[in-house]
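Student: I'm new to this structure and would like a close look at one part of it. Could you take me through a single helix and its surroundings?

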Amino acid sequence: MMMSDKQPPLVWFRDVTRSYGKGDVEVAALKNVDLAIASGEFVSVWGPSGSGKSTLCNLIGGIDLPTSGAVQINGEELAKLPDAQQSSHRNRSVGFIFQNFNLIGVLTALENVLLPLTLRGAETSRARQEALTLLDELGLAAEANRLPDKLSGGQQQRVAIARALMTKPPLVVADEPTANLDSENAEKIVTLMRHFNRSVGTTFVFSTHDDRLLDKVDRRIHLRDGQITDDVTVAPFSNSSEAP
Ligand SMILES: Nc1ncnc2c1ncn2[C@@H]1O[C@H](COP(=O)(O)OP(=O)(O)O)[C@@H](O)[C@H]1O
Ligand SMILES: [Mg+2]
């Protein structure tokens, strides 16, 4: 991955603290975190329950702001933008995948994938074709016109991946995307995210407490008590026999 020296990291945290509550009941979910993730990386965030994984994902995804410190995503510090620009920056820069899929029950798989474009009035026949192509790549060609409750958990999460990718964001954040899936489907989800990381260059950051998924990533960031205790870059999981 080529990166010029002038380009800031896609995700850039400087001395970031996120606290909840005030005074005696204040809890720092993240404490003084410094973090840089470059464009094209495939990263997992892992650690025990309560370690700050969701808090970190929400900050990376721009759906939360730090209590102190600076979070810069794709060259912009969200907290410094007016509200309206915050949401448009978020919509342009980040796709989000949730643990419980968060599909709209009355919409078909295809309509769910198209939703980000429907909401901005950009649902063209070309977009429809792109959505169908994405569903096909995710092994869901036959499911395009089904409602979510007719799909398995693994299929629903694949629809959610397609929805996150539909606007072609540089960054996709997934908070425990495999927590509700069996291990076979969990591996499939990670393999599919990796496929889009390689083919489109999308940067993925996903949290997990399943350490069997960790050997599938390039980099793993370990959290404990709101701090990064380990940040290891490992070899990519496929073509690992080739020297870098
Ligand atoms: N909305 C909230 N209000 C108060 N405390 C919170 C809130 N969200 C998270 N926390 C606290 O912050 C810490 C980290 O939580 P979280 O980021 O959800 O961790 P994880 O996703 O690793 O389980 C925990 O101690 C949790 O109780
Ligand atoms: Mg969590």
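Tutor: Let's follow helix H5 and see what it packs against. Keep in mind that this is a predicted model.

H5 covers residues 153–165. Start with its packing on helix H6, residues 183–199. Angles under 35 degrees count as roughly parallel, and that makes H5 roughly parallel to H6. As for handedness, H5 and H6 have a right-handed crossing. If you want to find the contact on screen, look on the H5 side for Gly 153, Gly 154, Gln 157, Arg 158, Ile 161 and Leu 165. Their counterparts in H6 are Asn 185, Lys 188, Ile 189, Leu 192, Met 193 and Phe 196. Sorted by class, this H5–H6 contact holds 6 nonpolar, 4 polar and 2 charged residues.

Now turn to another helix that packs with H5, namely H3, residues 109–119. Here the axes are 7 Å apart, and the angle is about 30°. H3 and H5 are therefore roughly parallel to each other. Their crossing is right-handed. From H3 come Ala 109, Asn 112, Val 113, Leu 115 and Pro 116, and they meet Val 159, Ala 162 and Arg 163 of H5. The class count for the H3–H5 contact is 6 nonpolar, 1 polar and 1 charged residues.

Next comes the sheet. It is an open one with 6 strands, in the order E6-E7-E8-E3-E9-E10, and its pairing is mixed. At the edges you'll find E6 (94–97) and E10 (227–233), each with a single partner strand, so one side of each has no neighbour in the sheet. Going from one strand to the next, the twist averages 15°. Our helix, H5, packs on this sheet and touches E6 and E7, the latter being residues 171–175. The direction of H5 makes about 170° with that of E6.

While you're at the sheet, have a look at strands E3 (residues 42–46) and E9 (residues 219–224) too: they run parallel and are joined by 4 bridges. Within that pair, Val 43 stands opposite Arg 219 in E9.

Methods. Residues are numbered from 1 along each chain as its sequence is written. Chains are lettered from A and ligands numbered from 1 in the order in which they are written. This is a predicted model: local features need pLDDT of at least 70, side-chain atom pairs count only at pLDDT 80 or more; totals for chains, interfaces and linings use all residues. Axes are lines fitted to C-alpha atoms, for helices over the stretch in contact, and angles run from 0 to 180 degrees between N-to-C directions. Helices (H or I, at least four residues) and strands (E, at least two) are DSSP runs, numbered from the N terminus. Angles under 35 degrees count as roughly parallel, over 145 as roughly antiparallel, 65 to 115 as roughly perpendicular and the rest as oblique. A crossing is left-handed if the near helix is turned anticlockwise from the far one by less than a right angle, and right-handed if clockwise. Two residues are in contact if their C-beta atoms, placed from the backbone, lie within 7 Å. Ala, Val, Leu, Ile, Met, Phe, Trp, Tyr, Cys and Pro count as nonpolar, Asp, Glu, Lys and Arg as charged, and the others, Gly among them, as polar. Two strands pair if DSSP finds at least two bridges between them.
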